[in-house]
Amino acid sequence: MEPLLQHLERFSEVLAVSRTTHVSTWDPVTVRRALQWARYLRHIHKRFGRHARISKALERRLQNQWKQQGDSGPAPAPGLANFQALGLCDQLLSLRLLANPALGDASFHYLLQQLFPGPGVPDAEEESLQGSLARLARRRAALHMLRFNAYGENPALQEDPLMKTQAELLLRRLQEVGEADAGGPGRLLNSLWERSPQNNFLKVVAAALLLPPSSPRHQEEELKLGSPKTPGEEGQELLRWLLGKSDVMVAFCRSLPAGLLTLVAGRHPELSRVYLGLLTDWGRQLHYSLQKGLWIGTESQDVPWEELLSRFQSLCQAPPPLKDEVFTALKSCKAQDGDFEVPGLSIWTDLLLSLGSSA
């Protein structure tokens, strides 16, 4: 029992330090060991949670520890305040580190990799850090919904609160590195693109671009704190980075669902123009097969007719002016292609005919 109690005391100190500038000295190996320690304590919680005598003894020791450190009575829970907190060790540690601007870039990237684990089969007996943070994110999102209804226009964010939480963390980090170095946001995004599972990263980028701007009151608070950045500027930096990276933009427009891209395009006109340009470029790669009676590509990476039509259909269901811009672009392409009205001669004619019910 005594070695276990000592473990609890030491990890409580780690949690307290995780909120301080001392984490600037932590490298990824230190973070990994701290998380392993946290998972060990979560295993202890799972093992002894039903043993009342042991759990009460552990909780009593934790409470005595904070009473000794406070001038009078228990301190306001700087670490492990009770036995139930053992089951949240890795969540508490990860969230504190992610919110601490003193954490070094390498360690921050390591934590992001824990949030973006990529494909793989998790241990059936061990809940992943991503899964545990997802539960916490769902509770946090519920509180957001009770406070205000600002996300009603973005059902994609409502359905995935973990993605929304990751998007908020990304924007916060962009703001922090931008305040330290004007080139910091670009380098951070380049690193995340190269080192993180790319499909997950693109979804987080989309979620970040859909986050509503700060409330006027929150903006005033940021300005009073003397922030050199305009509120919401980190979102514009993210958009500029995306538009300036042609390979990332192509992957963004090709891999994400049509409905999600329509939401992002409706929010950001600059992105909608690039997206529409890519769709027309992809359409020009297709040719009509008389044998199959449909538009097909010559290369395996060419966008299929069905996907192209689906993406245009989604855009045409958007409210003006996006919907009007899409039909204008398609009619312009049709006119340049000969303005045919007979199916099978121009892909733009066939797209307009298929979209006719949406016009």
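Tutor: Start with a term: a salt bridge is a side-chain nitrogen of Lys or Arg within 4 Å of a carboxyl oxygen of Asp or Glu. Keep in mind that this is a predicted model.

Student: OK. How far apart are the closest N and O atoms of Lys-334 and Glu-341?

Tutor: They are 2.9 Å apart. That is within 4 Å, so the pair counts as a salt bridge.

Student: Is Lys-334 buried or exposed?

Tutor: Lys-334 has 10% relative accessibility, and buried means under 20%, so Lys-334 counts as buried.

Student: How many salt bridges does the structure hold?

Tutor: It holds 10. Another one of them pairs Glu-307 with Arg-254, with the closest N and O atoms 3.1 Å apart.

Student: Where do Glu-307 and Arg-254 sit?

Tutor: Glu-307 is in helix H16, residues 305-316, and Arg-254 is in helix H13, residues 246-255. The two are 53 residues apart, and the pair links distant parts of the chain. Arg-254 has a relative accessible area of 29%, which makes it partly exposed.

Student: What about Arg-284, which residue does it form a salt bridge with?

Tutor: Its partner is Asp-281, and the closest N and O atoms are 3.3 Å apart. Both residues lie in helix H15, which covers residues 269-284. They are 3 residues apart, about one turn of the helix.

Student: What is the relative accessible area of Arg-284?

Tutor: It is 48%, so Arg-284 is partly exposed. Asp-281 is also listed as partly exposed, at 39% relative accessibility.

Student: Change of topic. How many helices and strands does the protein chain have?

Tutor: The chain has 18 helices and 2 strands.

Student: What share of the residues count as buried?

Tutor: Of the 359 residues in the protein chain, 43% count as buried. As for surface, the chain exposes about 19,000 Å², with carbon and sulfur atoms supplying 53% of it.

Student: Last one. Among contacts between residues at least 6 apart in sequence, what percentage join residues at least 24 apart?

Tutor: For the protein chain, the figure is 69%.

Definitions and conventions:
Residues numbered from 1 in each chain as written. Predicted model: local features only at pLDDT ≥ 70, side-chain atom pairs only at ≥ 80, totals over all residues. Heavy atoms only, no water. Helix = DSSP H or I, 4+ residues; strand = E, 2+ residues; numbered from the N terminus. Buried < 20%, exposed > 50% of the residue type's maximum accessible area, 1.4 Å probe, protein only. Contact = heavy atoms within 4.5 Å. Areas by Shrake-Rupley, 256 points an atom, 1.4 Å probe, with all protein chains shown as cover.
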